[in-house]
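The following note sets out points for a colleague who wishes to read this model alongside its sequence. The points move from the whole chain to strands and then to charged side chains.

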Amino acid sequence: MNYASIEQISKAYGERIIFQNISFGINAGQKIGLIAKNGTGKTSLLKILSGQDHPDEGEINYRNNIKISFLSQEPDLDENLTVEETIFASENEILKVIAQYEKALQHPEDTENFQKAFDLMEAKQAWDFETTYKQVLSKLKLEKLDQRVKLLSGGQKKRLALATLLLDHPDLLILDEPTNHLDLEMIEWLEEFFKKEDITLLMVTHDRYFLERVCNEILELENGVLYSYKGNYSYYLDKKEARVEIEKTNTDKAQQLYKKELDWMRRQPKARTSKSKSRIDDFTEIKAKASQRRKEHEVQLEINMERLGNKIVELHNVSKSFEDKILLDKFNYNFQPGERVGIIGKNGTGKSTFLNILTSTLKPDHGKLVMGETVKFGYYTQKGIPIKEGQKVIEVIREFGDYIPLKKGRQISAQQLLERFLFDRKKQYDYVEKLSGGERKRLYLCTVLIQNPNFLILDEPTNDLDIVTLNVLENFLLDFPGCLIVVSHDRYFMDKIVDHLFVFRGAGVIEDFPGNYSDFRAYDKSKPTEITPPTETKDTSSKNNWKNSNEDQKLTYNEQKEYKRLEKEISKLEKEKEKVQQEFLSELSEEEINKKSQNLQKILDEIENKTERWFELSAKME
């Protein structure tokens, strides 16, 4: 079933053409990942598809009555509502069904209207909505339901917007970087959710494992041209490589033909036949093909890094607490040359505190740090680059000098350095405030690296970076000869870069795991987990009447749930009773007979109690 047909759409901002004559379709059940460099139109395309913007040319045809939801990078929420009120203020269809049922409860004499409302509750599975939305919010670490939106962080607001969309069950869900601001546990939950749900997706994400495990089609926007790959991320990598080879071969052939035709053009007299004019037209086309160049850039920095000595950083019995919260407890470690450490752990377990102590911006309560004389930190934080009004990209780099020393006495200019970080000459003279979020992060990363560190600390370096830039960064880091610490929720990035992990468990517990993130997850999932019984929580909300007890003759929402649950429990107990009765037919000892008799009596008592309550509820339905 076709949900949307995108036909020959184009978009430009002034003289800058973002994309031109793009066409593709979206069908039910497709899970599409969109890949492109930062600043090449990913977000613009998503906004056009979601109806927040319009193409300059072309058209988009949607299936009638299709429901589309869009998760932007900066969602627009009512600041004065609470987390729970935001859920109930949405245009969720299930909420309308619940409201209709609640209204029918107020007029029990209208049996036809009540039956219609009851059937809708069944069809939409609305009885469990309260449980469902609380589960989703819990998975996204939004457990304070009465907290005001204005008090939430940017990441929490995006998670709340994501929860609202997931509960809404749209026909087509459009997502712009859905894994940003999610920790590893949340990302894996969302990944499983999308894998099992019958949902149609179009999303931009830099999380390559997410693309690998969720998507069944990849769209790549490159140099204004859209390429489609009918498979996941691995399939895309294989087929793209084959496409690039074919393009290279075709370009080489076109260049040879161009030289031949150019020679013919130079030898032709001024008077030309219609046949030769046709050949001239062909020549123009050949010239265009021969001039094609793939705009690919690779960072190949060979910065002349100061050599690390035998002593790098030693931590001896380092402890740190904030009031009663222990973050580090007598931690000991001795960093070795060339070490690559990944740091993982839930928020609030001490990851940032550890990095701040390591870089001497925070002092430990107890213990000491011993620092090597030649250690020079490069610290990439989540704060990003400070924006100065009217400052251009090239000026940011020149604050560190016009030239950067390389190995073997060579040097590189600030302009050349920026080109290697995917800023062309024109882009270098753009104002920093006009850069996209990803471009600012790329520029900030450049400023950290050119300071020639030999101990590099990267705190969430992959946020807002496109996949092309991530590949460039990974290639650089694989060649980086110094020590490296990475804090990241990008599992693909961690697997490729780090050799072992510091796992922050909380309460000062830090485990040193000898492997990458995938190794750790396989190990962690294999461990037995303690099962704790769920604790009942009282629902103190009085504003949502469909959740509270009701004195009407018809069943309330909670009574309806209880009625359905009792039916299942009684049926299960009846089967248990039959099983125990059958066991009496076999030869049993006196002790076994007494034990089974007690068990049977317990089952009979439960059946009697539950059946009595079932009849009470049945009577209210009559």
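1. A residue counts as buried under 20% relative accessible area, as exposed over 50%, and as partly exposed in between (1.4 Å probe, protein chains only). The structure is a predicted model, in which local features need pLDDT of at least 70 and side-chain atom pairs count only at pLDDT 80 or more, while totals for chains, interfaces and linings use all residues. Numbering runs from 1 along each chain as its sequence is written, and side-chain values use heavy atoms, with hydrogens and water left out.

2. Overall composition. The protein chain has 19 helices and 20 strands; these are DSSP runs numbered from the N terminus, helices being H or I with at least four residues and strands E with at least two. Of its 622 residues, 45% count as buried. The accessible surface comes to about 34200 Å², and carbon and sulfur atoms hold 46% of that area (Shrake-Rupley method, 1.4 Å probe; for residues, only the protein chains shown count as cover). Among contacts with a separation of 6 or more, 67% join residues 24 or more positions apart, a contact being heavy atoms within 4.5 Å.

3. The antiparallel sheet. Three strands form an open sheet in the order β2-β1-β4, with antiparallel pairing; two strands pair if DSSP finds at least two bridges between them. Its edge strands, each pairing on one side only, are β2 (16-27) and β4 (57-62). Neighbouring strands here are turned by 10° against each other on average, direction ignored (axes are lines fitted to C-alpha atoms, and angles run from 0 to 180 degrees between N-to-C directions). Strand β1 (residues 2-13) pairs with β4 over five bridges in the antiparallel sense, and Ser-10 stands opposite Glu-57 in β4.

4. Strand β6 and its partners. All five residues of β6 (residues 172-176) are buried. On one face these are Leu-172, Ile-174 and Asp-176, and on the other Leu-173 and Leu-175. Strand β5 (residues 68-71) pairs with β6 in the parallel sense over four bridges, with Leu-172 in β6 as the bridge partner of Ile-68. Pairing between β6 and β7 (residues 200-204) is also parallel and spans five bridges; there, Ile-174 has Leu-202 as its bridge partner. From β6 the chain crosses through helix α7 (residues 184-196) to β7 in a right-handed β-α-β crossover, that is, a clockwise path from the first strand over the helix to the second with the strands pointing away from the viewer.

5. Salt bridges reaching across the sequence. The whole structure contains 31 salt bridges, each defined as a side-chain nitrogen of Lys or Arg within 4 Å of a carboxyl oxygen of Asp or Glu. In one of them, the closest N and O atoms of Arg-148 and Glu-85 are 3.5 Å apart. Arg-148 lies in the loop between α5 (129-139) and α6 (154-168), and Glu-85 in helix α2 (residues 83-88), 63 residues apart. Arg-148 is partly exposed, with a relative accessible area of 34%.

6. A buried pair. Is Arg-208 buried or exposed? Arg-208 is buried, with a relative accessible area of 0%, and Glu-474 is likewise buried at 0%. These two residues form a salt bridge with closest N and O atoms 2.5 Å apart. The pair links helix α8 (residues 208-214) to helix α15 (residues 467-479), the two residues being 266 residues apart.
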